[in-house]
Amino acid sequence: MAFEKFNLSGKTALITGAAGLLGIEHAAALLESGAQVVLTDIGEAALLSAHTNLAQNFDATKIITKVMDVTNPQRVHVVAEELWADGLRIDILVNNAAIDPKVKGDQGVLETSRLENFPLDQWELQVAVGLTGAFLCSQVFGAAMAKDGKGGVILNIASDLSVFSPDQRLYRKQGLTDDAQPVKPVTYSVIKAGLIGLTRYLATYWADKNVRCNALSPGGVYNGQGDEFVQRLSSLIPLGRMASRDEYHAAVQFLCSDASSYMNGQNVVMDGGRSVW
Ligand SMILES: NC(=O)c1ccc[n+]([C@@H]2O[C@H](COP(=O)([O-])OP(=O)(O)OC[C@H]3O[C@@H](n4cnc5c(N)ncnc54)[C@H](O)[C@@H]3O)[C@@H](O)[C@H]2O)c1
């Protein structure tokens, strides 16, 4: 049976930042493979909307929602205790939550995306969500996977920017001086590269307990961005286009299932070939 190893029936996957653009796709991918999913995010309304959306195509009884701010260790523990009390074992953890600050650029306004002006509180918040949050969730749910001997899988959602630097020319706006040009903030690169370090660390830490950890590094997903940006970005990608939101399903299914049972500590870069051009 070629696809038997992709079968996630009987498994439960917890996804952080699950109400966002890709979080809901990861959930759909795991539901397609037969898993039960726990959608976690900071806002109840967004979680309910994600639940309603997914329940149109999948069994609603296999979709659980929990408000969980990944920067709050107490809340992560409470959610874990609630799930365990309900007899749920988290077999798969998808560390997906992040703050992806939109690059704007307004004439006459201090351009805070630039390194020189980047606010310390933004640095701290973004690192707390994208990197510390992945650590805290791995600490709680990864440790539990290791403890009972059944093992599990941790998947860290990084980015193509984990392997190369942002091309700031993509974000340039006509008519702005150099020091007013918006940029992809430094935090994004630091967090995504940091997640690869966390991936390698976790891949060895509980390997003897059969807990594997890999990273998926998606390229940019088309989501109605402006034509000029899309054209500029597409010209940097050998396939000549951005990704569709559902193009990472198969990778998530592979990385979270026994289909990847001998893959550990790797960063799977799916970027239309951008990083090799
Ligand atoms: N969309 C892309 O083009 C793209 C490309 C490469 C990598 N990624 C990565 O994929 C992941 C998902 O991105 P997305 O495009 O779906 O982003 P998104 O902004 O749509 O979703 C991120 C989710 O994280 C949640 N979140 C924010 N702070 C949180 C916190 N403290 N605790 C828990 N949840 C929190 C948000 O509420 C949101 O629902 C991110 O790690 C992102 O960096 C996205």
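Q253 sits in helix 7, where helices (H or I, at least four residues) and strands (E, at least two) are DSSP runs numbered from the N terminus. At 13% relative accessibility, Q253 counts as buried; buried means under 20% relative accessible area, exposed over 50%, and partly exposed in between (1.4 Å probe, protein chains only). Q74 is 179 residues from Q253 along the chain, and their C-alpha atoms are separated by 30 Å.

The model is predicted: local features need pLDDT of at least 70, side-chain atom pairs count only at pLDDT 80 or more, and totals for chains, interfaces and linings use all residues. Residues are numbered from 1 along each chain as its sequence is written, and side-chain values use heavy atoms, with hydrogens and water left out.

**Ligand site**

The ligand is surrounded by 24 residues, the closest being L22, D41, D69, Y188 and V221; a residue is near a molecule if one of its heavy atoms lies within 4 Å of it. By class, this shell has 14 nonpolar, seven polar and three charged residues. Here Ala, Val, Leu, Ile, Met, Phe, Trp, Tyr, Cys and Pro count as nonpolar, Asp, Glu, Lys and Arg as charged, and the others, Gly among them, as polar.

| Residue | Protein atom | Ligand atom | Distance |
|---|---|---|---|
| L21 | backbone N or O | oxygen | 2.9 Å |
| L22 | backbone N or O | oxygen | 2.7 Å |
| Y188 | polar side-chain atom | oxygen | 2.6 Å |

Taken alone the ligand exposes 820 Å², of which the protein buries 84%. Accessible areas come from the Shrake-Rupley method with a 1.4 Å probe; for residues, only the protein chains shown count as cover.

**Nonpolar core**

The largest nonpolar core holds 31 residues, and L30, V37, L39, L54, V94, L155 and L216 touch the most other members. Such a core is a set of buried Ala, Val, Leu, Ile, Met, Phe, Trp, Tyr and Cys residues joined through side-chain atoms within 4.5 Å. Elements that each supply at least two residues of this core include strand 1 (12–15), helix 1 (23–32), strand 2 (36–41), helix 2 (44–55) and helix 7 (249–256). Helix 1 gives the most, with six residues.

Nine of the 10 residues of helix 1 are buried, so this helix is largely enclosed by the rest of the structure. The buried ones are G23, I24, E25, H26, A27, A28, A29, L30 and L31. After helix 1 comes G34, whose phi is positive, near 100°.

**Cysteines**

A search of the whole structure finds zero disulfides, a disulfide being a pair of cysteine sulfur atoms within 2.5 Å. For C137, the nearest cysteine sulfur is that of C213, 12 Å away. The sulfur of C213 is itself 10 Å from the closest cysteine sulfur, in C256, which is too far for a bond. C137 is buried, with a relative accessible area of 0%, and C213 is buried at 0% relative accessibility.

**Other positions**

G130 lies in helix 4 (residues 120–147) and is buried, with a relative accessible area of 4%. K192 is 62 residues from G130 in sequence, and the C-alpha atoms are 7.8 Å apart.

N210 lies in the loop between helix 5 (186–205) and strand 6 (211–218). Its phi is near 65°, a positive value in a residue other than glycine. N210 counts as exposed, at 51% relative accessibility.

Terms used
A polar contact is a pair of N or O atoms within 3.5 Å; within protein, one must be able to donate a hydrogen and the other to accept it, and residues adjacent in sequence count only if both atoms are side-chain atoms.
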